[in-house]
Structure formats: structure tokens, C-alpha cells
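Visitor: I am new to this structure. Please show me how to read it.

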Amino acid sequence: MRTPTVDLSQTSILAEVIVRGGNANQHDARTVLQHAYERPDELYPDVTGLSTLFRPQATLDELAREGQLPNAQLSWSLLGDLLREVAAVGYRLCLYRTPTPELQDHHTLAILRNGAVEPTLPDDAADALLRALRVIDNPYKPPKRPRP
Amino acid sequence: MMRNSQQLREVFSDFFVRHPQPDGRVRIPLGTSERVADLRGLQNGERVLLVMPGELQAEATVIGEPWHGTTYWYGVLDSIEAIQDITPTPADARPAASAAQS
């Protein structure tokens, strides 16, 4: 059975928010996205892409609280900004519904070119995503532990 | 012999999906060696350092499980507290800056 996707034509692209853990402005951000993109999903073998949190009408605070992500920063974007940035370099987006036992709003964001999902994340697509992402401190991360 | 984090093989994880276990350990899905280069040659029970560059790291033991005709690898953390924040802070930068000035 194919993993269902969100019909992006039916979403409020200027209101809907997507969240990822990590800092999209940091030095290794492109590498992080590319490594994360190529990992097969244990629960959804037909899916490739980036872990995100998304729920129609959800606020940034609600998604950040649900994620309990361990990162110091979170990166987030309006869906419309993501769509616009990737379209500018010739791609489209696909958002799979991929809930996990712990994260009911887990979705997987994939990049499409000519209607097909890219098996790896090209440099220009990664940079387009990074341009759309904004960074905030993560208010729900556990306190920082000292390094040994 | 004790081994420190610098001596362990590094494996990428973004720590997004974490499966807490009843015994307090945490399983983190990593992928398959067919798709992911840094998983090639892993051995069941091997200690590795899971790394999200510039963000997070955690020591883990890898386990492989049958998955659609191949092996899917997981990193198992002793607890959720094993995840360390490695984002640079102003305090991290201070010694280098001091050394440069001296």
C-alpha cells in the first residue's frame, strides 16, 4: 500500500507551518539535510525524504511541543515559502503522512522533479529549503548537559 | 579499556525519531547499508557515535534487524540523556579567542 500524501493544493499555504529540529543557518546545515533525506524510513519503506512535523491548523508552538526535539534550535517555515523556494529552482514538494508511535504529526518531506521523487537531495534543492527555513531557539529541549 | 567518543565510528542521525523502550533505552532508526554509506560494514553490537553535525551526538550500540529482505540498523542509547548538545556556545569559543590573543 502506498503511503498517503497531503494534498498541498487544499492547504492554506500561507498559514500552514512545518518544523524540523536543528539550525538551518549553521555551517553543516546542507550536509545534515542531505544525510537525513537519504535514510529509508523503517515504517514506510516506499518513502524518501526529511522528517518534519506538520498538522493542518497547528501552531509552531504546538508542533514544537509535540516534537520534544533535543536540538537547541528548531527550523520552521510556512508551507508557501517552501513551495515557492523549491519551485524557483525547478522542483515541487511532496508531503507524506508518516506518523510514528511517538509523533502522530510526523510527516516526510520529499522533493519532486518531473513528477518523480528525488532519491537523494540535490544541492540546489537543499539550498532552496534552507532559504525558506527560519531558526528559533527550541523552548522544549531538555537542559544542555556538559560534555564529558 | 575505556574508549572515548573520539575513537568511535561516526554514524549520522538527526535524532528526529526516537523510540523509548520500557527499560529506559531509546532506539533510533538509522537505515540500511544499501542506501546509506556510513552504515556499510556495521557489526551487531558495535559501539558507535551517532552524530548530527554541529548539533547533537550520542554514543549508541547498533543492532540490525531483518527488514524487507535486508537489514535495518538501529542505534540504541542507554537513555534519552545520552544525547549531547554539541552546538557551539560563546563559552566554547572563548579559549580559542584567548589563545589567539596571547
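Guide: Start with burial. A residue is buried if 20 or more other C-beta atoms lie within 10 Å of its own, exposed if 12 or fewer, and partly exposed in between; C-beta atoms are placed from the backbone. Helices (H or I, at least four residues) and strands (E, at least two) are DSSP runs, numbered from the N terminus. This is a predicted model: local features need pLDDT of at least 70, side-chain atom pairs count only at pLDDT 80 or more, and totals for chains, interfaces and linings use all residues. Residues are numbered from 1 along each chain as its sequence is written, while chains are lettered from A and ligands numbered from 1 in the order in which they are written.

Visitor: Which residues of helix 2 (residues 60-67) of chain A are buried?

Guide: Leu63(A), Ala64(A) and Gly67(A) are. Seen down the axis of helix 2 of chain A, they fall within an arc of 100°, so they line one face of the helix. That arc is taken from the directions from the helix axis to the C-beta atoms.

Visitor: What covers the buried residues of helix 2 of chain A?

Guide: The cover includes strand 1 (17-21), strand 2 (50-53) and strand 3 (73-78) of chain A. Just after the helix, Gln68(A) takes a positive phi of about 45°.

Visitor: How do I read a nonpolar core?

Guide: In soluble globular proteins, nonpolar side chains tend to be buried together. A nonpolar core is a set of buried Ala, Val, Leu, Ile, Met, Phe, Trp, Tyr and Cys residues joined through C-beta atoms within 7 Å. Here the largest has 57 residues. Among those with the most contacts inside it are Val86(A), Leu129(A) and Ile28(B).

Visitor: What does Val86(A) contact?

Guide: Contact means C-beta atoms, placed from the backbone, within 7 Å. Leaving aside neighbours within four places in sequence, the partners of Val86(A) include Tyr91(A), Ile111(A) and Ala125(A).

Visitor: What is the pattern of chain B along the sequence?

Guide: Chain B reads β-β-β-β-β-β-β-α. Buried residues make up 30% of its 102 residues.

Visitor: Where in chain B is confidence lowest?

Guide: pLDDT is the predictor's confidence in each residue, from 0 to 100. The lowest mean in chain B, 56, belongs to helix 1 (residues 90-101) of chain B. Strand 4 (residues 47-52) of chain B has the highest, 98. Where pLDDT is low, the predicted coordinates should not be read in detail.

Methods. Two residues are in contact if their C-beta atoms, placed from the backbone, lie within 7 Å.
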